[in-house]
Amino acid sequence: MTNILESLENNYEGKDLLLCRKAYDFAKKAHANQKRASGEEYFTHPCAVAQILVDLGLDSATIAAAFLHDVIEDTPVSEGDIKKEFGEEVLELVVGVTKLEKIEFTSQEEEQAENFRKIFVAMAKDIRVIIIKLADRLHNMRSLNFLSVERQQRMARETLEVYAPLADRLGISQIKCELEDLCLKYLEPDFYEYLTTNIDERMKENIGLVEHVVEEVKKMLADSNIKGEVFGRRKHLYSIYRKMKERNKTLDQIYDLVAVRVIVNTVDECYEILGKIHHKWKPVPGRIKDYIATPKPNMYRSLHTTVVTNFGRIFEIQIRTYEMNHAAEYGIAAHWKYKENKKEEDDFDSRLSWIREVMEWQGGLKDSKEFLNTLKGDIYSSEVLVFTPKGDVISLPKGATPLDFAYHIHSAIGNKCVGAKVNSKMVPLNTELQVGDVVEVITSQNSKGPSWDWLKIVKSSSARVKIKQFFKREMKEENGKTGKAMLEAEAKRRGFSLGDLLTETSFVRLAARMSFSNQDEMFSSVGYGAVSANQVIIKLIDYYRKTQPQTEITKYYKVKENNSGNGVKVKGMAGILVRFAGCCNPVPGDEIVGFISRGHGVTVHRKDCPNLKQAENDRLIEVTWSGRSDETSYNAGIKVIGSDQVSVLTVVAAAVAQLKLHIVSTNGRTDNRTKQAIVEFNIKLNGKDELDNLIKKLKQESIITDVFRTTT
Ligand code: MN
């Protein structure tokens, strides 16, 4: 094994070399006297990890972080010490690796493995953290034989399900293949043993054939005046193992134990050689893969073909350029190797730019896009993955709180929840969970159950449903009666009557704020104590005050208690109380619809009134204008936009007078942005014709920009 110090000298210079050396000395001192399971000095481990990363060609900050990756966890050195000595960048990398250190993969389900991979990527933020972690795992796997069989197997399974796929997705086939072979060694020791001994045998038998193919291809290169290399390469054990398992084949039935690799300088030469090879040997149909035209999602590029040679044996031949070969071995790490040429590119985004180029060039493969997003940590913006204290991964919607977590575990846990710990610290229940948090729910048997406020805290619809279910179950009818009485008392105490405050319009607004789905639910939750009467009444009074001008007019019409009086007929009902909705102020001629309100007869809305969209369908009823509207007059709201308030008022007043109508009230303001006056008028009139006339007339006025009918 080469000495790490020598290796640093050979690969880095100037302040990069100084940084690596400093980290080496620092970590050596910090780990002094510590031993590994093998009995070696502990420091040999960070050195080996650094060596793997030097070989991959990573930058000096990564190498420094590799030396330091275990000091925070295992020695008295603090984050502050590292920041002081090595700066922010190295510290971030070390902290990133330390965080990942704490995650332990426990499950054996494939779905969970995917979650773990996501967590790794999301938590790492900087892709170098994952590469360091992969190197760390690789060395740990190389020295696994000193641990107990049980730990060996656990570690190997975790490696196979989390780390090797990550290496694969980053395109680092070197690390991926070695990790997989090591996993096979510990998970299927007999099979591994069988493969190693028998493959060597068969390789020996076949060595002459491989050499023959290599020589033939070399001749083709020479004939075409193409410079390049040709060699035979044994496939890694795990891929052979998988082929045997998946296709149920014996070793003798696997023909491509060895692939012949051809490396040339240009893409054109790749295709030229492919043609020559197919000219000489017949390709096996369906086995020609052009990963140059269509790279794999992990950016792998190469031409693959399987041919039947003249002596009857099947061979796989891979053709690629030197650059493709390098990228295939080193994957994403290849970038740092070429980085020296473009020093100014230092931030994470520009480091990714070359990947982006490859991706775009690939023509937007869904997978590669996802891959890129994964690297940037964006893909999981709609979910946050957290841990139970036992280490299971739970996926929650972004913005989820400990309450969502509690209800996700079980509704009984949610209903008894009285507090929560995140990463062992007590937190408020509305704390937004971050990816990788370990969440613990504190429950109490004395808990009365959820509070109504929780509906505003939880982010997942399943938690919301479970909380509502709880209330529904708990809320008996008597709660509803008590609640209504409490609200009436509270309204009275404040000088109002509940009947005035609680209209279907005000309830729609209240429901939007407090998550009630109907009035009964509101009454029961007040009665049950989930929400206070005071809270509800304050909001209702607030709405009442805001809509008071309209409300008063509505009241004015309310006195006409028989249906002919205000010109509206309700289908199939006589003698019912009819009023006009304060929100949309219908006038004869408008298309209208009735809403059956509780205890307040029928309220007439315009068909296009937005408030009706929330109304339950079975409470809507057909109503018509009776044509006997001369007994009464109606109230309509219009909004007029013009240059300034005074001239708008003057113009509108003149028009209203001319048409013999009346202004009931006005309310004006100036828009800060446009500096235009916005004046709302309530106009008393007899029908839609008059209203249309007025609007038409106003539109002709030069100082008026726009006029339209309002709905509140
Ligand atoms: Mn380590």
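Author: Start with a cut-off: a residue counts as buried under 20% relative accessible area. Keep in mind that this is a predicted model.

Reader: By that cut-off, is histidine 45 buried or exposed?
Author: Its relative accessibility is 1%. The limit for a buried residue is under 20%. Histidine 45 therefore counts as buried.

Reader: Which residues are the protein donors of the manganese ion?
Author: The donors lie 2.2 to 2.4 Å from the ion. Along the chain they follow the spacing H-x23-H-D-x65-D. They are His45 (NE2), His69 (NE2), Asp70 (OD) and Asp136 (OD).

Reader: How many residues apart in sequence are the parts tied together by histidine 45 and aspartate 70?
Author: Histidine 45 sits in helix H3, residues 44-56. Aspartate 70 is in the loop between helix H4 (60-68) and helix H5 (71-74). Aspartate 70 is buried too, with a relative accessible area of 4%. The pair therefore ties together parts whose separation in sequence is 25 residues.

Reader: Turn to helix H10. What does its span reach from first C-alpha to last?
Author: H10 covers residues 173-187, which is 15 residues. At 1.5 Å a residue, 21 Å is expected. The span is close to that, at 20 Å.

Reader: Which elements do the buried residues of H10 pack against?
Author: The buried residues include Ile175, Leu179, Leu182 and Tyr186. Lys176, Glu180 and Asp181 are also among them. Their packing partners are H3, helix H8 (127-142), helix H9 (149-169), helix H11 (189-223), strand E1 (228-234) and helix H12 (237-246).

Reader: In the open sheet of four strands, which strands stand at the edges?
Author: The order is E19-E20-E18-E21, with antiparallel pairing. An edge strand here has a single partner, so one side of it is left without a neighbour in the sheet. Those strands are E19 (662-670) and E21 (704-709).

Reader: What is the bridge partner of isoleucine 638 in E20?
Author: Strand E18 (residues 634-642) runs antiparallel to strand E20 (residues 677-685). Nine bridges join the two. In E20, isoleucine 638 is partnered by phenylalanine 681.

Reader: Which helix packs on that sheet?
Author: The helix touches E18, E20 and E21. Its direction makes about 165 degrees with that of E21. It spans residues 688-700 and is helix H29.

Reader: Overall, what share of the protein's residues count as buried?
Author: The protein has 29 helices and 21 strands. It exposes about 34700 Å². Of its 712 residues, the buried share is 51%.

Notes: Residues are numbered from 1 along each chain as its sequence is written. This is a predicted model: local features need pLDDT of at least 70, side-chain atom pairs count only at pLDDT 80 or more; totals for chains, interfaces and linings use all residues. Side-chain values use heavy atoms; hydrogens and water are left out. Donors are N, O and S atoms within 2.8 Å of the metal (3.2 Å for Na, K and Ca); water is not among the atoms, so sites may look incomplete. Buried means under 20% relative accessible area, exposed over 50%, partly exposed in between (1.4 Å probe, protein chains only). The expected span of a helix is 1.5 Å times one less than its number of residues. Contact means heavy atoms within 4.5 Å. Two strands pair if DSSP finds at least two bridges between them. Axes are lines fitted to C-alpha atoms, for helices over the stretch in contact, and angles run from 0 to 180 degrees between N-to-C directions. Accessible areas come from the Shrake-Rupley method with a 1.4 Å probe; for residues, only the protein chains shown count as cover.
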